[in-house]
Amino acid sequence: MALFARLRLQSIHPLRHLYHHHHLNFSTSPLSSISKTRVALSRLKTETNPEKILEICRSASLTPEANIDRITFSVAIDKLAKSNNFSYIDEFLTELRTSRPDLRTEQFAAHSIVLFGKAGMIDHAIRLFKEYHEKNQNDVVLSSGSVKLLNSLLYSCILAKKYNEVKRVFVDFTKSYKIEPNLDTYNTIIQAFSEGGSSSSCYSILNEMDKKGVKPNTTTFGNLIAGFYKEEKYEDVGKVLKMMEEDYGTKAGIDIYNIRIRSLCKLKRSKEAEALLGGCIARGVKPKAVTYRYLIFGFCKEGDLEGAKSLFKSMVNRGCKPDYYCYATLVCFLSKGRDFESAYRICKESMEKKLVPNSSTMKMLVEGLASSGNVEKAKELIGEIKEKFSKNVELWNEVETGLPQ
């Protein structure tokens with residue numbers, strides 16, 4: 001068990017060689033801003049001390065403009081929230097807004113509101129929204145409200161699972177701050193109703209959109225369809241699909257099919273999802289790797305490993321390239337189902353494409369092969385892993401030593 005934990009730890013430290021101990025002085029290290037963030041992200045994944053989490057983020061000079069920086073912010077906030085260090089979250093985000101002129105922006109205020117929502121601190125998100133509008137960080141009094149911040153606040157409510165708060169925020173704040181909702185606003189409200197089990201309320205939102213001249217898009221209908229599937233209201237799914245094509249001239253593309261397939265698989269109706277895939281192909285809509293990924297995962301979860309293998313074969317025959325998750329899902333579930341030969345074959349194929357399943361899956365497969373009399377194949381896989389991941393050599397040597405001779 002200790003070895004497994006160490007394998008997992010190694011796998012989430014791709015940049016261990018770039019730093020030593022707990023502290024790194026970025027001011028003297030010849031690293032680019034992206035490299036700094038990567039080092040910070042790597043350190044955050046194992047750091048638990050709230051003071052050090054903030055220190056890591058401060059040192060990296062994060063900004064919401066860069067995607068990797070947004071990911072780093074999110075990881076830091078998640079860790080602080082899970083350890084109930086909410087005061088540190090408030091302290092950190094407030095400090096950034098007040099001490100860094102480059103972050104006294106609408107974009108960072110919007111990002112902070114979302115981060116408060118991720119932490120379940122919806123009262124802080126609302127407070128920040130109000131503070132920004134009363135007098136923003138650049139000392140400019142606003143004459144009208146920010147739809148960007150409104151959308152962030154609505155999404156923040158979804159992240160905090162405060163679905164009932166969405167309607168109040170929308171009604172009160174659009175009126176109080178003279179904000180004109182846009183398509184993103186309505187899509188977020190529909191998402192909230194759908195996730196919160198009130199999908200039927202979305203029809204009134206569609207009516208309002210029509211009155212305001214805001215045309216729904218694929219995201220609008222996708223959120224609605226996902227919501228009705230979640231509530232198992234299949235007649236409404238059909239109604240929305242018909243409305244989408246006949247009233248709004250939007251044909252169901254692969255994104256809509258993916259939502260339907262994923263929803264059916266979640267409901268353990270993977271056979272129906274497979275039939276839907278057939279209809280999708282018949283209509284000339286080309287499936288993507290993610291389409292098959294949902295189906296393969298659904299079949300595996302329902303214990304139909306032969307069906308999952310058949311889907312994988314069909315995917316390849318149709319010229320659709322499996323992604324990492326297709327391979328990893330199959331190797332994992334086939335190993336759990338003790339079909340080690342199939343898992344080995346698929347694993348070898350994925351490794352040839354440099355798509356290597358995670359350490360826990362590989363360990364399960366290696367030990368399964370050895371226990372079923374295929375020690376040589378187990379050792380062969382270990383050899384390939386050691387060749388590709390030299391930093392894990394010692395750990396895999398221990399695994400190999402523990403195999404039956």
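A polar contact is a pair of N or O atoms within 3.5 Å; within protein, one must be able to donate a hydrogen and the other to accept it, and residues adjacent in sequence count only if both atoms are side-chain atoms. The model is predicted: local features need pLDDT of at least 70, side-chain atom pairs count only at pLDDT 80 or more, and totals for chains, interfaces and linings use all residues. Residues are numbered from 1 along each chain as its sequence is written, and side-chain values use heavy atoms, with hydrogens and water left out.

**View 1. Aspartate 323 in the loop between helices H17 and H18.** H17 spans 305–317; helices (H or I, at least four residues) are DSSP runs, numbered from the N terminus. The side chain of aspartate 323 has a polar atom 2.9 Å from the backbone nitrogen of cysteine 326. Aspartate 323 counts as buried, at 19% relative accessibility (buried means under 20% relative accessible area, exposed over 50%, partly exposed in between; 1.4 Å probe, protein chains only). Leaving out residues up to four places away in sequence, aspartate 323 touches Ala289, Arg293, Met315 and Leu355 (contact means heavy atoms within 4.5 Å).

**View 2. The aromatic pair of phenylalanine 297 and phenylalanine 333.** The structure holds twelve aromatic pairs (rings of Phe, Tyr and Trp, the last by its six-membered ring, with centres within 6.5 Å; planes under 30 degrees apart count as stacked, over 60 as edge-to-face and the rest as tilted). This one is edge-to-face, at 5.9 Å centre to centre and 80° between the planes. Phenylalanine 297 lies in helix H16 (residues 289–301) and phenylalanine 333 in helix H18 (residues 324–336), so the pair ties together parts 36 residues apart in sequence. Phenylalanine 297 is partly exposed at 40%, whereas phenylalanine 333 is buried at 17%.

**View 3. Lysines over rings, and a ring cluster.** Lysine 336 lies over the face of phenylalanine 333, 5.3 Å from the ring centre. Lysine 239 lies over the face of tyrosine 203, at 4.4 Å from the ring centre. The criterion is NZ of Lys or CZ of Arg within 6 Å of the ring centre and within 35 degrees of the ring normal. Elsewhere, ring pairs link Phe73, Phe92 and Phe108 into a cluster.

**View 4. Isoleucine 296 in the largest nonpolar core.** The core has 118 residues; Ile89, Phe129 and Ile296 touch the most other members. Such a core is a set of buried Ala, Val, Leu, Ile, Met, Phe, Trp, Tyr and Cys residues joined through side-chain atoms within 4.5 Å. Beyond four places in sequence, isoleucine 296 touches Ala308, Leu311, Phe312, Cys326, Thr329 and Leu330.

**View 5. The salt bridge of arginine 127 and glutamate 131.** The whole structure holds 22 salt bridges (a side-chain nitrogen of Lys or Arg within 4 Å of a carboxyl oxygen of Asp or Glu). Here the N to O distance is 3.7 Å. Both residues lie in helix H7 (residues 122–134), four residues apart, about one turn of the helix. Arginine 127 is partly exposed at 32%, and glutamate 131 is partly exposed at 34%.

**View 6. Further salt bridges, including lysine 233 with glutamate 231.** Their closest N and O atoms are 3.1 Å apart. Lysine 233 is partly exposed at 30%; glutamate 231 is partly exposed at 21%. Lysine 353 pairs with glutamate 349 at 3.8 Å. Arg58, Glu91 and Glu95 are linked in a network of salt bridges.

Note on methods:
Helix = DSSP H or I, 4+ residues; strand = E, 2+ residues; numbered from the N terminus.
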